[in-house]
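My entries follow in the order I looked things up.

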Amino acid sequence: MDQEDDFPLEGQFYKFKNQKDRILELIWKPYYWFRMLCYELHWSFVSGVVIIYGINQGMSLGLSKISTQYYMKDEQRLQPSEAQIYAGVIQIPWMVKPLWGLLTDTLPIIGYRRRPYFILAGLLGAFAMLSLSLNHKLQLASALLCLTGASAAQAVADVTIDACVTENSISHPSLASDMQSLCGVSSSVGQLIGYTISGFLVHLIGSKGVFGVLSIPAALVILVGMMLHEPFIHNVAYRQVGQKFLDACKAMWMALKCKNVWRPCLYMYVSLAVSLHIHEGMFYWYTDAKDGPLFSKEIVGTISSVGAVGNLLGVLLYQNAFTNHPFRFVLFWSQLLYGASGLLDLILVSRVKLQFGIPDYVVAVCDAAISHMIGRLRWMPLLVLSSKLCPSGIEGTFFALLMSIDHVGSLTATWAGGLLLHTLNVTRTQFDNLWMAIVIRSFSRILPIGILFLVPNSDPSASILPAEMLKTKKCDDDLDTQKLERAPLVTFVDQHLGDS
């Protein structure tokens, strides 16, 4: 009888053990995933992605966004529409990413195509942030110059690491989604840290003090340039740089003429351009409106950190549930939900929630988490699609072109949103028409569904480009890496000129 009673206990023991093993497996799964990427792609590349996306972009974005908003509002005394216009000006260096891509692809420095550009970007970013931090009572033009210089440094570092990601996406197509997820996770975690501490830092040391802190992430980019594993290029023909630029431009034009390329590019631009940005209007309402919540700097930073959590959840959701779904399916539902999530701001601004006793902070936190999660879920398939559209030999240049198209779309949305705030007379003290801006923005977010047919309805793991546009990378596994790096652009251009 005692032996029979032992069997249920033994079964419960094994059940508990299995549950414990599953929990441990879930905990260790990210570690083994990260370790696999280091093994397949080299640890220096993976470390570079974490530093560039996680620290120099992610954490710096969290710190710089809040500090810049308070700097423009309190130091420069700008109106919401003006602050939004100037926020777009600061992002202009991201619009010329093809130029940085052309440099990294065609102009090696002392025998390397990527490492020197990381070092130069780090020096520029550190100098710009220190100049902004140490100089008191800067004029608006000088402040914009420093902020734009720091933005240019981030853009150069970004396009250089993008080139490395794209090269590995083509040489390891099965890991393309994993690499984009690594970029997304690094960026989201970095933003979470940056936004969490941003409000407290602005409160403690002021916006200019935070600019000084931002020189540290920029300096870390120099470290990436020093440790990145990259083959040395012997006998660099600098006299042929002009011809290489011309060849790269021809190669980009040939790629853009491909139907499988220009149609997704058009969708990416339109989907971003019509999603109007009114974030500066909301920020001023958060902090200055007499009948608003009057959030403190710490609260604003905390709300933004919750948005970073939403970004991370969006990446994880895409990685675990949607990586194998067709692009159109994910974009349709994410775009639809993206428009609906914008109406959460209407609940906050209309103050109807006060009738039910719901605090402003709760609604703002829910809004940040949901809207950022859906926004990231909408953005991830576009990143994977972009990495699939890059022809061999001009990976950095063409991916930069695709990203510049996206930044032009975001700039269009930012300036159009600023114009909308100005038209509706949303100022530092007047917010009566802010609800109209929210409704217009939410409706505009669902408009891209009408042109979703431009996006290929294919599996994300499948190749989109014609085989001849990739064949310079279709090498045997024993091909020397140095030869892979020196695959000539002229071959790609001549082939397509001949075909045409």
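Entry on helix 3 and helix 11. I looked up how these two cross, and the crossing is right-handed. I am working from a predicted model, and I keep that in mind throughout. Helix 3 covers residues 80-90, and its axis packs against that of helix 11 at an angle of about 135°, the axes being 8 Å apart. I therefore put the pair down as oblique to each other. On the helix 3 side I noted P80, A83 and Q84 in the contact, and on the helix 11 side H279, E280, G281 and Y284. By class, I listed 3 nonpolar, 3 polar and 1 charged among the residues of this contact.

Entry on helix 2 and helix 11. I turned next to helix 2, residues 43-75, and helix 11, residues 279-288. Their axes are 12 Å apart, and I read the packing angle as about 70°. Helix 2 passes helix 11 in a right-handed crossing. From helix 2 I wrote down Q69, Y70, M72 and K73 as making the contact, and from helix 11 E280, F283, Y284, T287 and D288. I sorted the contact residues of helix 2 with helix 11 into 4 nonpolar, 2 polar and 3 charged.

Entry on salt bridges. How many salt bridges does a search of the whole structure find? I got 4. One that I followed up joins K73 to D288, with 3.4 Å between the closest N and O atoms. K73 belongs to helix 2 and D288 to helix 11, so this pair ties together parts that are 215 residues apart in sequence. I had already listed both K73 and D288 in the contact of these two helices.

Entry on helix 7 and helix 12. I looked up helix 7, residues 176-213, against helix 12, residues 297-322. Their axes come within 7 Å and cross at roughly 170°. That angle makes helix 7 roughly antiparallel to helix 12. The residues of this contact came out as 11 nonpolar, 15 polar and 3 charged.

Entry on I222. I found I222 in helix 8, which spans residues 215-227. Which residues does I222 touch, leaving aside those up to four places away in sequence? I listed F118, I119, G122 and L123. For I222 and F118, I noted a C-alpha to C-alpha distance of 5.9 Å, although they are 104 residues apart in sequence.

Entry on the UniProt record. I checked the unreviewed UniProt entry for "transmembrane region", and the record lists residues 32-55, 117-134, 211-229, 266-287, 299-318 and 330-349. I then looked at two of these spans in the model. Residues 117-134 are 100% helix and 0% strand, and I noted 26 Å between the end C-alpha atoms. Residues 330-349 are 90% helix and 0% strand, and here the end C-alpha atoms lie 30 Å apart.

Note on methods
Residues numbered from 1 in each chain as written. Predicted model: local features only at pLDDT ≥ 70, side-chain atom pairs only at ≥ 80, totals over all residues. Heavy atoms only, no water. Axes fitted to C-alpha atoms, helices over the stretch in contact; angles between N-to-C directions. Helix = DSSP H or I, 4+ residues; strand = E, 2+ residues; numbered from the N terminus. Left-handed = near helix turned anticlockwise from the far one by under 90°. Contact = heavy atoms within 4.5 Å. Nonpolar A, V, L, I, M, F, W, Y, C, P; charged D, E, K, R; others polar. UniProt positions renumbered as here; feature names shortened; annotations may be inferred. Salt bridge = Lys/Arg side-chain N within 4 Å of Asp/Glu carboxyl O. Parallel < 35°, antiparallel > 145°, perpendicular 65-115°, else oblique.
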